[in-house]
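Open the model in your viewer and keep the selection tool at hand. Each stop below says what to select and what is there.

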Amino acid sequence: MIMLRYAVYRFFTMLLTLLVVSMLIFVIINLPPGDYLSNQIAELQSSGQSAGVAKAEFLRKEYALDRPMWEQYLIWVGFFPGPHGFEGLLQGNYGWSFEFDRPVADIVGDTLWLTVVVNLAAILFVYAVALPLGVMAAAKSRTWVDYSTAFVGYLGLATPNFLLALILFYYGHRYLDLPIGGLMDPVYEGQPMSWDKMKSILVHLIVPTFVIGTSGASAMMQRLRANMLDELGKPYVETAIAKGMSPSRMLTKYPLRVAFNPFVADIGNLLPSMVSGSVLVSVVLGLQTIGPTLLTALKTQDQFLSAFILMFVALLTLIGTMISDILLVMLDPRIRYEGREA
Amino acid sequence: MTALLSVRDLSIGFGAGEPVVRDVNFDVEAGQTLALVGESGSGKTISCRAVLRILPRTAQIRSGVMQLNTSKGSVALSEISEREMRGIRGNRISMIFQEPMRSLSPLHKIGNQVSEVLWLHRGASESEARKEVLSQFERVGFPDPARAYDSYPFELSGGMRQRAMIAMAMVSKPELLIADEPTTALDVTTQAQVLGLIKDLQKETGMALVLVTHDLGVVANMAEHVVVMHKGRVMEAGSAELILNAPAHPYTRQLFDAAPEIPDKEAVGIPMPNEDLILDMKDVCKTYTMRSSRGWKADKLIYACRGVDLKLARGKTLAVVGESGSGKTTAARIALGAELPDPGGEVLFRAAPGEDPIRVHQMTREERTAFQRKAQMVFQDPYSSLSPRMRIQDAMTEPLEIHNIGTTSERRDKAAEMLERVGLNAGMLKRYPHAFSGGQRQRLSIARAMMLDPSLIVCDEPTSALDVSVQEQILTLLERLQDSLNLSYLFISHDLAVVARIADEVAVMRQGLVVEQAPPETLFYNPRHPYTKALIAAQPEPDINRPIDLKLVALGAGSPDSWDDAFRFSDTMIPSLVEMEPGHKVRCHV
């Protein structure tokens with residue numbers, strides 16, 4: 001009951017945050033002087049192509065770029081009717097990309113869920129690797145187990161991702177017959193989902209997951225190890241040993257439960273750092289994720305496209321933090337009963 | 001007859017260093033209690049943990065034989081494998097620790113943590129274990145076992161948590177219980193009840209008990225045999241009667257001399273003079289509001305102080321005594337202006353005799369600066385009240401810098417002088433706090449408080465983190481400083497024996513109210529209030545013929561509803577403080 005109420009409450013605060021974030025994104029994108037169209041108009045005028053100028057002027061009107069900024073914002077979100085009625089994010093209209101001269105929805109299309117898939121895989125990888133290694137490193141601290149996991153971890157942190165990507169592609173292709181580049185075989189692109197397509201995606205995912213996840217996994221492993229070491233010095237661990245528990249059972253039941261909190265709280269932070277951190281990797285690996293598109297959009301001041309992508313990343317982050325907050329409440333009774341009368 | 005547990009020639013060391021425990025021998029008979037007594041660093045804790053081989057990682061048992069002999073045969077605890085040891089821990093030998101809050105996992109329900117012992121050692125199912133644990137909870141005195149079973153540790157009070165720990169240790173019906181300072185972190189009335197409980201359970205089950213403690217009073221109440229340890233060696237061992245009545249070793253005698261005692265001689269104290277008050281608290285109340293988590297429920301009010309009237313005459317010591325949650329610290333904070341009392345109350349401070357008093361909570365900027373020079377504080381924990389990154393010299397001259405007093409060299413000279421005054425030497429100025437022991441650190445804190453030549457010092461439990469022999473030295477120091485500088489102390493403490501020694505007047509607080517107030521001689525000889533009586537009765541005396549009177553403790557330490565009609569109070573109806581004899585006030589209906 002407490003849980004459900006909390007989840008509902010948390011959902012509404014998320015919506016509110018999203019609203020604030022959307023304002024911030026819109027303002028920040030509009031901060032640099034000029035926009036895509038005015039840049040283009042200036043360019044066309046200097047080269048004397050008046051036909052292009054007319055089209056650009058038409059687009060300005062069409063997308064309400066001639067109105068004050070707050071109106072533009074409201075129209076973009078969909079609170080306010082634009083030149084063609086309500087046509088904002090809320091109505092499912094993501095706007096027009098001037099750079100690609102296509103609707104934003106068409107451009108991002110597949111890349112949206114591919115981004116989610118790649119990053120989810122990377123996060124799962126981070127957790128699957130960091131959890132056992134971190135616990136082992138803490139339980140066997142100051143032994144060769146600890147030192148070798150630390151060494152591998154630092155190696156993972158220190159190796160540039162794109163370099164790792166190239167190395168893995170080379171050896172993966174040579175010895176394991178892994179595909180190079182992309183997230184699926186080109187024949188499946190634009191095809192509806194099928195069993196073969198899924199298989200192809202999974203095989204293509206192996207290297208990117210590893211590349212994107214490695215540094216996150218090493219960082220998290222070190223964090224978990226430090227947390228575990230803190231917890232291992234606490235008296236309740238001694239109590240558990242005095243009860244006659246075996247070390248492995250004691251470790252997983254008591255200190256890990258407590259050390260797990262920051263681990264869970266990180267879910268929200270992992271997402272954005274992975275999306276932005278994987279831009280370079282995506283370019284190198286030729287992944288059809290949202291990162292490279294975002295880069296282009298920001299460079300060319302393609303405002304609707306970049307705003308939409310940023311909103312999408314923000315949404316992912318907020319969902320991540322919401323999930324981690326709800327998990328925390330489930331895991332930790334101290335948070336759950338905060339403020340409850342004793 | 002062979003002893004249940006015999007430990008022979010035990011030596012333990014850390015790393016490659018000198019052993020910290022050397023050639024320790026002791027025996028425990030079934031059904032009997034052995035007390036390991038000593039101050040911090042004596043090796044008592046590590047010796048008892050060696051029995052279960054629960055030691056810090058860097059410690060190793062260098063030599064020694066530990067043998068557990070029962071009707072089921074004998075086990076060499078020092079020889080068996082780790083796996084066999086796990087079968088003994090919590091099953092045949094269990095342990096209780098000092099800090100009940102931190103010794104239970106905060107994330108698991110009490111019932112789960114206690115039942116675990118039965119799952120591990122008896123292979124009990126969840127429901128079987130639950131049944132047994134519930135009956136054990138009832139035996140250790142949980143009023144509502146089922147509710148406690150589903151509670152988390154942070155929902156219980158310290159005493160209840162320690163009961164849960166005891167239940168956890170007892171549920172497997174061990175042959176030996178090792179209790180490492182089981183009551184040190186508890187209030188004195190709770191301590192009395194927990195000790196009584198352990199004793200009852202021992203009688204009931206016939207288990208042996210190894211009790212590790214620094215408190216000779218606890219020893220006198222619990223043990224048949226005593227081993228006194230100092231710096232890793234056994235100083236003296238024998239029956240409790242012998243050691244407590246006629247200690248042979250000088251170290252044991254030293255421990256006895258250092259332990260303060262509540263006097264029980266007939267005496268009439270001199271009431272505190274009513275003129276030249278340095279501090280005058282008038283009708284100070286402090287109410288905290290605990291915001292309700294549910295919007296529709298009213299906020300809960302917590303009365304930390306209710307109508308506290310305290311007067312401290314110049315050059316005297318006023319002690320405020322009470323258990324955790326009694327409001328004594330809040331009262332001290334208000335006296336220092338660190339907290340605002342509810343409207344209606346006021347605190348007056350007179351820096352020098354005959355001066356106009358300052359209202360501590362309505363000071364101008366200049367008055368505040370002057371007040372801060374004249375009123376200083378000494379804190380409870382000398383380990384955390386000195387910055388580890390500041391040299392002693394910097395920590396000591398800082399107050400002078402803040403108040404812009406003197407030149408650098410004058411400040412340094414003053415710091416050197418103060419160090420000498422508290423019994424340290426000026427050569428220590430360049431050191432960092434970690435180079436000092438607990439007692440030395442407390443001397444440093446006092447020296448620092450003295451730097452501004454204050455006239456009032458608020459001491460918040462200044463000796464409760466220290467060993468008895470060090471406590472004795474600190475109290476002597478405080479007395480000496482008072483005599484030579486005419487200082488006034490507001491002394492906050494939970495320890496009646498300490499207070500008996502240093503105070504000129506004692507105020508006993510309970511639930512934010514002063515329930516009884518008198519000079520110590522009067523108060524201890526002729527306590528009137530049931531709560532004061534309980535506090536005095538609960539104080540363990542190092543005298544085997546004067547055990548704790550648990551009935552008296554239970555009578556006064558319970559909720560105010562269980563007191564005699566004359567003393568009862570509730571949130572709405574509070575009797576006033578009545579002067580029973582000159583200088584002796586009791587809160588009761590007349």
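This is a predicted model: local features need pLDDT of at least 70, side-chain atom pairs count only at pLDDT 80 or more; totals for chains, interfaces and linings use all residues.

Select α7(B) and α20(B): α7(B) passes α20(B) in a left-handed crossing.

From α7(B), pick B:Thr189, B:Ala192, B:Gln193 and B:Gly196; they meet B:Leu550, B:Val553 and B:Ala557 of α20(B). Why might contact residues on a helix be spaced like this? An α-helix has 3.6 residues a turn, so residues three or four places apart point the same way. Sorted by class, the contact of α7(B) with α20(B) has four nonpolar, three polar and no charged residues.

Next, zoom out and colour chain B by domain. The domain assignment gives domain 1 as 1–92 + 174–258, domain 2 as 104–171, and domain 3 as 277–526 + 559–587. The centres of domain 2 of chain B and domain 3 of chain B, taken over C-alpha atoms, are 39 Å apart.

Move on to the place where the two chains touch. How many residues of chain A are in contact with chain B? There are 21, and they are in contact with 27 residues of chain B. On the chain A side, select α9 (235–243), α11 (255–265) and α15 (333–336), each of which supplies at least two residues. The most comes from α9(A), with seven residues. This side of chain A has nine nonpolar, four polar and eight charged residues.

Stay in chain A and select helix α7 (residues 161–176) and helix α8 (residues 195–232), which pack at an angle of about 145° with their axes 9 Å apart. Here α7(A) passes α8(A) in a right-handed crossing. Among the residues in contact are A:Leu164, A:Leu168 and A:Phe169 of α7(A), and A:Val207, A:Phe210 and A:Val211 of α8(A). The contact has seven nonpolar, four polar and no charged residues.

Last, select helix α3 of chain A, residues 50–62. Its 13 residues, at 1.5 Å a residue, should span 18 Å, and the end C-alpha atoms are 18 Å apart, which agrees. After α3(A) comes A:Ala64, with a positive phi near 60°.

Key
Residues are numbered from 1 along each chain as its sequence is written. Chains are lettered from A and ligands numbered from 1 in the order in which they are written. Domain bounds come from an automatic or database domain assignment. Helices (H or I, at least four residues) and strands (E, at least two) are DSSP runs, numbered from the N terminus. The expected span of a helix is 1.5 Å times one less than its number of residues. Axes are lines fitted to C-alpha atoms, for helices over the stretch in contact, and angles run from 0 to 180 degrees between N-to-C directions. A crossing is left-handed if the near helix is turned anticlockwise from the far one by less than a right angle, and right-handed if clockwise. Two residues are in contact if their C-beta atoms, placed from the backbone, lie within 7 Å. Ala, Val, Leu, Ile, Met, Phe, Trp, Tyr, Cys and Pro count as nonpolar, Asp, Glu, Lys and Arg as charged, and the others, Gly among them, as polar.
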